[in-house]
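Here is a friendly briefing to read beside the model. Have the viewer open and follow along, topic by topic.

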Amino acid sequence: MKPALLSLNGVAKRFTLHHQHGTELPVLEGVDLQARAGECLVLEGPSGMGKSTLLKLVYANYRASAGRIEVRTGSDSTLDVTQASARELLQLRRDTVSYVSQFLRLIPRVPAIDVVAEALRQDHATDPDVAAAARAEAARWLQRLRIPERLWALPPATFSGGEQQRINIARNLIKPRPLLLLDEPTASLDPANTRTVVELIQEAVARGAAVLGIFHDPEVRAAVATHRIDMTRFRSTA
Amino acid sequence: MPPATSSPQPLLRVQQLSKRYGALTALQDASFELWPGEVLAVVGESGSGKSTLLNTVAAQMRPDSGCVEFRLRDGSLADVHALSAARQRLLARTDWGFVHQNPADGLRMDVSAGANVGERLMGLGWRHYGQLRAAALDWLQRVEIDADRIDDAPRVFSGGMRQRLQIARNLVSSPRLLFMDEPTSGLDVSVQARLLDLLRRLTHELQLAVVIVTHDLAVARLLAQRMVVMQRGRIVESGLTDQLLDDPQHPYTQLLVSSVLPP
Amino acid sequence: MNAPTLGTVLHAPTSASETAASVNFAYLDERSKRMIRRALLKAVAIPGYQVPFGSREMPLPYGWGTGGIQVTAAVIGPNDTLKVIDQGSDDTVNAVNIRRFFQRTAGVPITTQTRAATLIQTRHRIPETPLREGQILVYQVPVPEPLQRLEPRETETRTLHALAEYGLMHVKLYEDIARHGHIATTYDYPVMVNDRYLMSPSPIPKFDNPKLHLNPALQLFGAGREKRIYAVPPYTKVESLSFDDHPFEVQRWEATCALCGATDSFLDEVIIDDQGTRQHTCSDSDHCQQRRDAPSAGAA
């Protein structure tokens with residue numbers, strides 16, 4: 001059996017609201033989960049079950065209250081996200097884990113094509129050849145996701161929700177990484193673009209990535225899922 | 001150039017830094033490390049100690065206890081406060097930058113923009129007027145100041161332009177570490193956006209390590225991958241910026257984050 | 001007092017009765033002289049470095065050469081022969097008064113000939129005639145700090161000198177070139193002494209700057225109001241600041257001296273009649289006179 005690219009053991013998440021009299025909001029409890037190369041795990045369950053929360057815990061956007069989250073960083077190495085330093089986490093996000101959130105965080109004044117190309121220029125920010133190659137690759141992604149060329153030089157702030165979503169997807173998937181976390185990537189997309197995103201996911205799985213995803217559309221789920229995870233299993237009973 | 005984060009040694013190591021003013025504890029046991037290419041935001045409200053932290057780390061004031069170590073270009077780790085005044089000043093002029101909140105504090109207001117940018121180079125021994133001017137023009141262009149303003153003094157510049165000039169003046173000597181104290185405060189929102197974009201690009205392109213003090217969480221979100229939150233002289237929480245802002249653990253961090261009005 | 005003619009010969013020492021007998025030799029008390037000499041020794045030991053000294057109350061106001069006078073008073077002895085010039089001339093008011101001061105308080109022989117003097121006090125010029133070993137040139141200095149206009153805080157300039165951080169001076173030169181196309185400073189042109197200290201040579205024209213370099217004479221500088229003394233020992237390297245692509249250049253004239261024909265001395269431009277007729281003459285009156293007295297010898 002292939003080694004797990006992602007392994008969650010006893011992961012729990014409770015929010016403590018210190019300014020609401022210390023109210024505790026338990027969301028997840030006892031999460032045990034593994035994802036291997038070539039697998040696409042679809043998280044299922046009604047809203048409020050902590051699907052997005054789980055993705056954010058893996059990405060270290062949220063901090064786990066208990067348990068271990070191990071991500072494979074090399075043939076012999078793993079990193080426990082819950083114990084990692086900021087520096088290790090930044091490196092993890094650079095090299096190992098891609099995260100397509102529900103919302104595109106907008107940075108003013110940066111043209112869409114550069115938003116998409118950024119991950120490919122990370123180590124060589126001033127190298128013009130790298131920049132050109134990165135933009136060419138970004139252009140291919142934008143074309144594939146049907147973003148009109150006249151928009152490429154514009155900052156995405158004025159784009160429609162669906163266009164922003166596609167920029168978000170391109171930006172976070174352009175650099176192929178072993179682990180993909182996708183939170184409703186097709187929520188605002190038309191059927192054609194939805195199909196394209198499904199293809200992108202299938203291609204990632206085919207190249208050996210592991211995918212953890214949330215999809216509202218049952219057809220999409222059917223098209224991509226290799227495993228379905230029932231999130232109600234991890235509902236906190238506290 | 002190898003990826004910055006693979007560098008095994010930190011560029012800056014701050015350990016247990018403390019500073020008191022009489023009975024008032026301005027800073028207590030502050031510690032952090034910084035690697036090349038990392039931007040660290042220090043956030044907190046007035047009186048939190050963030051400016052004291054910045055100033056003690058940048059050797060502008062002496063701590064009462066604790067240690068600030070900086071990795072010199074030859075790879076050795078130097079105790080910044082044990083260096084001679086001459087070496088500290090040299091460091092401050094070459095390998096470090098300090099962007100002041102008020103640009104007038106970091107510029108020569110009555111000397112031309114070109115001379116402001118060229119001064120560090122002249123201090124490093126550049127003696128060719130033509131080359132100095134060319135370097136100044138290059139940097140003015142990089143901070144989006146019109147080339148034909150090169151002979152104007154910053155006294156006639158707007159606040160945003162002055163701040164961009166201050167950045168150019170600091171970066172011309174290719175420093176590896178940049179300190180910034182509320183660099184966008186007092187600027188109009190659109191001007192702020194432009195400046196932040198510039199800072200974002202430059203820190204990324206130049207792989208600068210940056211310590212930026214700000215009370216504005218949006219600035220921290222935009223510029224910094226890492227953040228520390230200060231309250232009453234202490235660092236109460238630290239970690240990835242997005243984690244602290246999206247899932248704050250410490251009561252004070254939660255208070256700060258929830259207090260920000262969404263636009 | 002009638003203006004003496006150029007070419008005045010050596011004066012005999014003033015008689016004792018004319019010396020102000022109630023005043024110490026050269027006016028200053030011996031302790032003050034000792035204090036100033038100590039400062040001078042320090043200054044000579046650190047070429048170009050400004051040594052603070054306890055400037056005394058002199059019978060001239062500040063701005064009239066009290067610093068130069070104190071230095072001269074501290075080093076002059078009865079065997080010295082004194083020359084005093086102001087803007088190159090022996091017979092302007094300032095030179096006349098200072099010379100008379102030392103005649104009355106020291107009774108030393110005085111001269112207008114650079115060659116014959118052992119001690120020359122000067123305001124704003126270096127004599128054209130080359131100096132020799134054993135001669136002392138005392139400069140009157142209004143503002144000893146070359147960075148003063150760029151950095152008015154003395155606490156800061158002290159640090160800059162201590163750490164040899166002189167980028168600021170080059171900033172000023174850069175500004176000149178940016179503004180005027182060339183370095184606009186024509187007098188009091190800053191120099192680096194002994195590759196270490198930035199120094200103000202006093203408001204001499206930059207024409208004279210090359211004479212500071214490797215001069216066989218001892219050069220002493222006194223600023224009375226600012227209370228600083230500095231020195232350039234004999235044969236010291238003195239380099240005028242410049243940029244590689246804007247090298248230091250001295251002033252040149254199209255004209256020659258109307259009186260002696262010199263082509264390489266510093267010329268004053270004088271209006272000689274009501275019609276505004278102009279004439280160029282040597283600023284250094286003794287030099288001009290020497291050339292007129294012995295033209296065949298080709299006195300330089």
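Two strands count as paired if DSSP finds at least two bridges between them. Strands (E, at least two residues) and helices (H or I, at least four) are DSSP runs, numbered from the N terminus. This is a predicted model, in which local features need pLDDT of at least 70, side-chain atom pairs count only at pLDDT 80 or more, and totals for chains, interfaces and linings use all residues. Residues are numbered from 1 along each chain as its sequence is written, while chains are lettered from A and ligands numbered from 1 in the order in which they are written.

- Strand S1 (residues 12-21) of chain B runs antiparallel to strand S4 (residues 65-71) of chain B, and five bridges join them.
- Within this pair, B:Ser18 stands opposite B:Ser65 in S4(B).
- The pair belongs to an open, antiparallel sheet of four strands in chain B, in the order S2-S1-S4-S5.
- Strand S2 (24-34) and strand S5 (77-79) of chain B each have a single partner strand, so one side of each of these edge strands is left without a neighbour in the sheet.
- On average, neighbouring strands of this sheet are turned by 25° against each other, direction ignored.

**A covered strand in chain B**

- A residue is called buried if 20 or more other C-beta atoms lie within 10 Å of its own, exposed if 12 or fewer do, and partly exposed in between, with C-beta atoms placed from the backbone.
- Is strand S3 (residues 39-43) of chain B covered or open? Strand S3(B) is mostly covered, with five of its five residues buried.
- In a regular strand the side chains alternate between the two faces of the sheet.
- Both faces of S3(B) are covered: B:Val39, B:Ala41 and B:Val43 are buried on one side, and B:Leu40 and B:Val42 on the other.
- S3(B) pairs in the parallel sense with strand S8 (residues 209-214) of chain B over five bridges, and B:Val210 in S8(B) is the bridge partner of B:Val39.
- S3(B) also runs parallel to strand S9 (residues 226-231) of chain B, joined by four bridges, with B:Met227 in S9(B) as the bridge partner of B:Ala41.

**Two packed helices in chain B**

- Axes are lines fitted to C-alpha atoms, for helices over the stretch in contact, and angles run from 0 to 180 degrees between N-to-C directions.
- The axes of H3(B) and H4(B) come within 9 Å and cross at roughly 115°.
- Two residues are in contact if their C-beta atoms, placed from the backbone, lie within 7 Å.
- Among the residues that meet are B:Ala113, B:Val117 and B:Leu121 in H3(B), and B:Leu132, B:Ala136 and B:Trp139 in H4(B).
- The residues of this helix contact divide into nine nonpolar, two polar and one charged, where Ala, Val, Leu, Ile, Met, Phe, Trp, Tyr, Cys and Pro count as nonpolar, Asp, Glu, Lys and Arg as charged, and the others, Gly among them, as polar.

**How the chains meet**

- Which chains share the most contacts? Of the two pairs of chains in contact, chains A and B do.
- This contact takes 23 residues from chain B and 20 residues from chain A.
- On the side of chain B that touches chain A, the largest share, five residues, comes from H6(B).
- That side of chain B has eight nonpolar, eight polar and seven charged residues.
- The contact of chain B with chain C takes 16 residues from chain B and 14 residues from chain C.
- Helix H2 (85-94), helix H3 (113-123) and helix H4 (129-142) of chain B each supply at least two residues of the side that touches chain C, and the largest share, six residues, comes from H3(B).
- Chain A and chain C do not touch, and their nearest C-alpha atoms are 30 Å apart.

**Chain A as a whole**

- Chain A has seven helices and nine strands.
- The radius of gyration of chain A is 18 Å, close to the 18 Å that the globule rule gives for 238 residues, so chain A is as compact as a globular protein of that length.
- That radius is taken over C-alpha atoms, and the globule rule is 2.2 Å times the number of residues to the power 0.38.
- Of the 238 residues of chain A, 41% count as buried.

**One residue of chain C**

- C:Ser32 lies in helix H1 (residues 30-45) of chain C.
- C:Ser32 is partly exposed, because 18 other C-beta atoms lie within 10 Å.
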